Amino acid sequence: MRVYLAADHAGFELKNHLVQHLREQGHEVTDVGPAEFDPADDYPPYCIEAARRVAADEGSLGIVIGGSGNGEQIAANKVEGIRAGLAWSIETARLTREHNHAQVIGLGARMHSVQEATAIVEAFLSGEPDTDERHVRRIGQLTDYERTGTPPALPDASTS
């Protein structure tokens, strides 16, 4: 699996751990940065670039890491074609991959031990998008909205 990782200062150490761990597991890993710890860095450049690379590299996945993972996940979601979910447990990591067909997860380094974070990442990377019709239909609605800017119709327009 090709995996792109990015972080800010809060996720720097966890990113470095995951880069090494995932390489040892046989994954093809690209560390998008930062290369050095800077306590005043900003996450958007790194997270957006990681998501851009995932979007351009079909079949790859991404992990963006910060203190909570929230801002990083939001940044990744700004990239066209990317679905990024906040993974705060093994189950949410698995479900965002399976049900939401996410290609990127946001992960909070301050929220988990290294062992917990590693297990969350492994659950995400081992998941496969569920091809059940309801999941495919929902992803299609999101993709259509992203492409056209036209929101999907409300199921019951009379409730407005």
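How are H2 and H3 oriented to each other: roughly parallel, roughly perpendicular or oblique? I opened the notebook with that one. The model is predicted.

**Entry 1: H2 and H3**

I looked up the two axes first. Helix H2 covers residues 43–56. Helix H3 covers residues 70–77. Their axes come within 8 Å and cross at roughly 50 degrees. H2 and H3 are therefore oblique to each other. I noted the hand of the crossing as right-handed.

Next I listed who meets whom. H2 brings Tyr 43, Pro 44, Cys 47, Ile 48 and Ala 51. H3 answers with Gly 71, Glu 72, Ala 75 and Ala 76. Sorted by class, this contact holds 7 nonpolar, 1 polar and 1 charged residues.

**Entry 2: Gly 71**

I stayed with one residue of that contact. Is Gly 71 buried or exposed? Its relative accessibility is 16%, and buried means under 20%, so Gly 71 counts as buried. Gly 71 sits in H3 and touches H2. I also checked a separation along the chain. Ala 87 is 16 residues away from Gly 71, and their C-alpha atoms are 13 Å apart.

**Entry 3: the sheet**

I turned to the strands. Which order do they take? I read S2-S1-S3-S5-S4, an open sheet of 5 strands with parallel pairing. S2 (28–33) and S4 (84–86) are the edge strands, and each pairs on one side only. From one strand to the next, the twist averages 20 degrees.

I then went through two of the pairings. S1 and S2 run parallel, joined by 5 bridges. Arg 2 has Glu 28 in S2 as its bridge partner. S3 (residues 61–66) and S5 (residues 104–108) are also parallel, again with 5 bridges. Gly 66 stands opposite Gly 108 in S5.

How enclosed is S1? I found 5 of its 6 residues buried, so S1 is largely enclosed by the rest of the structure.

**Entry 4: helices across the sheet**

H5 lies across S1, S3 and S5, at about 170 degrees to S5.

**Entry 5: H1 and H5**

I checked these two helices against each other. Their axes come within 11 Å and cross at roughly 55 degrees. H1 and H5 are therefore oblique to each other. H1 passes H5 in a right-handed sense.

From H1 I wrote down Leu 14, His 17, Leu 18, His 21 and Leu 22. They meet Val 114, Ala 117, Thr 118, Val 121, Glu 122 and Leu 125 of H5. The class tally for this contact is 7 nonpolar, 3 polar and 1 charged.

**Entry 6: H4 and H5**

I finished with another partner of H5. At what angle do H4 and H5 cross? Helix H4 (residues 90–98) and H5 (residues 114–126) cross at roughly 20 degrees, with axes within 8 Å. Angles under 35 degrees count as roughly parallel, so H4 and H5 are roughly parallel to each other. This crossing is right-handed.

On the H4 side I listed Ile 90, Ala 93, Arg 94, Thr 96 and Arg 97. On the H5 side I listed Ala 119, Ile 120, Ala 123 and Phe 124. The residues of this contact divide into 6 nonpolar, 1 polar and 2 charged.

Conventions. Residues numbered from 1 in each chain as written. Predicted model: local features only at pLDDT ≥ 70, side-chain atom pairs only at ≥ 80, totals over all residues. Heavy atoms only, no water. Helix = DSSP H or I, 4+ residues; strand = E, 2+ residues; numbered from the N terminus. Buried < 20%, exposed > 50% of the residue type's maximum accessible area, 1.4 Å probe, protein only. Axes fitted to C-alpha atoms, helices over the stretch in contact; angles between N-to-C directions. Parallel < 35°, antiparallel > 145°, perpendicular 65-115°, else oblique. Left-handed = near helix turned anticlockwise from the far one by under 90°. Contact = heavy atoms within 4.5 Å. Nonpolar A, V, L, I, M, F, W, Y, C, P; charged D, E, K, R; others polar. Pairing = 2+ DSSP bridges.
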